Amino acid sequence: MASFSSLVAIIFSFIFLCSLAAANEVTVGGKSGDWKIPPSSSYSFTEWAQKARFKVGDFIVFRYEAGKDSVLQVTQEAYKSCNTANPLASYTDGETKVKLDRSGPFYFISGVDGHCEKGQKLSLVVVSPRHEVISPAPSPVEFEDGPSVAPAPTSGSARIGGGFVAVLGLVLGLWAWL
């Protein structure tokens with residue numbers, strides 16, 4: 001019985017560790033989202049991003065019509081002023097996948113003249129690995145008018161599923177040791 005308990009503990013510990021390391025792909029605007037001028041002034045890509053928790057290693061996916069739009073990764077200053085000159089990175093393929101490779105803020109705008117001014121821009125914050133589990137929102141002064149870190153989504157997303165598996169694996173692994 002002890003060897004079976006040990007095997008169960010090892011299996012669930014492995015599942016727990018794998019779930020912590022899993023990266024997510026998040027489509028801008030949600031499942032049906034498109035990278036385009038928002039349909040109304042009340043919609044904001046940044047407000048959408050505040051409802052999610054992005055971690056280092058995740059991918060943000062922009063879907064748009066290639067040749068008619070683009071995505072520019074920019075500095076905070078360029079984001080605020082909708083300045084398309086000298087972006088940090090430029091994407092035009094219509095299905096852009098950007099790896100969030102560090103913690104901190106990221107800024108994106110449309111490369112088409114006038115689109116950013118009409119709301120086609122996104123700022124998001126990637127949490128640091130050491131603050132993934134318990135992370136208070138940064139003060140508004142820290143990121144000026146950028147987004148605050150929002151709690152994990154409460155919908156049936158992959159993140160909740162991964163968290164459930166992680167907790168289940170931890171509980172069962174500890175139980176097996178007893």
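Biologist: Why is Cys82 called buried?

Modeller: Cys82 has 12% relative accessibility. Buried means under 20% relative accessible area, exposed over 50%, and partly exposed in between (1.4 Å probe, protein chains only). So Cys82 counts as buried. Note that this is a predicted model: local features need pLDDT of at least 70, side-chain atom pairs count only at pLDDT 80 or more, and totals for chains, interfaces and linings use all residues. Residues are numbered from 1 along each chain as its sequence is written, and side-chain values use heavy atoms, with hydrogens and water left out.

Biologist: What makes Cys116 buried?

Modeller: Its relative accessibility is 3%. That value puts Cys116 in the buried class.

Biologist: How do you know that Cys82 and Cys116 form a disulfide?

Modeller: Their sulfur atoms are 2.1 Å apart. A disulfide is a pair of cysteine sulfur atoms within 2.5 Å. Cys82 and Cys116 therefore form one. The structure holds one disulfide.

Biologist: Which parts does the pair tie together?

Modeller: Cys82 lies in the loop between helix 3 (76-81) and strand 5 (89-91). Cys116 lies in the loop between strand 7 (104-110) and strand 8 (121-127). So the link ties together parts that are 34 residues apart in sequence. Helices (H or I, at least four residues) and strands (E, at least two) are DSSP runs, numbered from the N terminus.

Biologist: What is the handedness of the link between Cys82 and Cys116?

Modeller: The link is left-handed, with -70 degrees about the S-S bond.

Biologist: What makes strand 2 and strand 5 edge strands?

Modeller: Five strands form an open sheet in the order 2-8-7-4-5, with mixed pairing. Strand 2 (54-55) and strand 5 each have a single partner strand, so one side of each is left without a neighbour in the sheet. Two strands pair if DSSP finds at least two bridges between them.

Biologist: How do you know that strand 4 and strand 5 pair?

Modeller: Three bridges join strand 4 (residues 71-74) and strand 5, in the antiparallel sense. The definition asks for at least two, so the two strands pair. Gln73 stands opposite Ala89 in strand 5.

Biologist: Which strands make up the open sheet of three?

Modeller: The order is 1-3-6, and the pairing is mixed. Strand 1 (25-27) and strand 6 (95-99) are the edges, as each pairs on one side only. Strand 3 (residues 59-63) runs antiparallel to strand 6, and five bridges join them. Arg63 stands opposite Glu95, and Val61 has Lys97 as its bridge partner.

Biologist: Which side chains of strand 6 are buried?

Modeller: Thr96 and Val98 are buried and point to one face.

Biologist: Why is Thr27 called buried?

Modeller: Thr27 has a relative accessible area of 16%. That is under 20%, so Thr27 is buried. Thr27 lies in strand 1.

Biologist: What makes the link between Thr27 and Arg63 a polar contact?

Modeller: Their side chains are joined at 2.9 Å. A polar contact is a pair of N or O atoms within 3.5 Å; within protein, one must be able to donate a hydrogen and the other to accept it, and residues adjacent in sequence count only if both atoms are side-chain atoms.

Biologist: Why is Asp34 called partly exposed?

Modeller: Asp34 has 38% relative accessibility. This falls between 20% and 50%, so Asp34 counts as partly exposed. Asp34 sits in the loop between strand 1 and helix 2 (45-50).
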